[in-house]
Amino acid sequence: MIRVFHINAGDCGACAAELWAAVESTAHLTWARTPQEADVVALCGSIPPAARQATLTLINNFVQGRLPIVVVGRCAIDGYPFGKGGVAGLPEIETRRKIDGCPPLVELIVESLIEAARKPRLVES
């Protein structure tokens, strides 16, 4: 069972709803309560200025270098249609997969999370 930790960094709710549908639709995925319990992190949202520091702090302290990050949705990739943003504006965030779409298909989310988690952790925690 692959444990998924969700970071919502200012999305409209569509990608988060599809992510939740993806995790709930398969026996291969379940939710992690904390990043320490997770096998993979799913990041949704355009990371607007108001969420930028909190998102970076969470990722830098608990995720970066330890867990694969899967970026879910167009706005999380580059901020579209909300302007510039997403992980494109934060090159220090290392991602394993980027799933395009507004919102992306549930099947693509499931496949991406499983594929990202199958690779070994970056650093043992």
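Student: In what order do the elements of the protein run from the N terminus on?

Tutor: This is a predicted model; local features need pLDDT of at least 70, side-chain atom pairs count only at pLDDT 80 or more, and totals for chains, interfaces and linings use all residues. Residues are numbered from 1 along each chain as its sequence is written, and side-chain values use heavy atoms, with hydrogens and water left out. Elements are DSSP runs numbered from the N terminus: helices (H or I, at least four residues) and strands (E, at least two). The order is β-α-β-β-α-β-α-β-α.

Student: How many helices and strands does the protein have?

Tutor: Read the α and β symbols of that order, β-α-β-β-α-β-α-β-α. The count is four helices and five strands.

Student: Which residues of helix H1 are buried?

Tutor: Buried means under 20% relative accessible area, with a 1.4 Å probe and protein chains only. By that cut-off, 47% of the 125 residues of the protein count as buried. In H1 (residues 14-24) they are Cys-15, Ala-16, Leu-19, Ala-22 and Val-23.

Student: Why do they line one face of the helix?

Tutor: Look down the axis of H1 and take the directions from the helix axis to the C-beta atoms. The buried residues line one face because they fall within an arc of 120°.

Student: What do the buried residues of H1 pack against?

Tutor: Contact means heavy atoms within 4.5 Å. The partners of H1's buried residues are strand S1 (2-8), strand S2 (29-31), strand S3 (40-44), strand S4 (69-72) and helix H4 (106-118).

Notes. Buried < 20%, exposed > 50% of the residue type's maximum accessible area, 1.4 Å probe, protein only.
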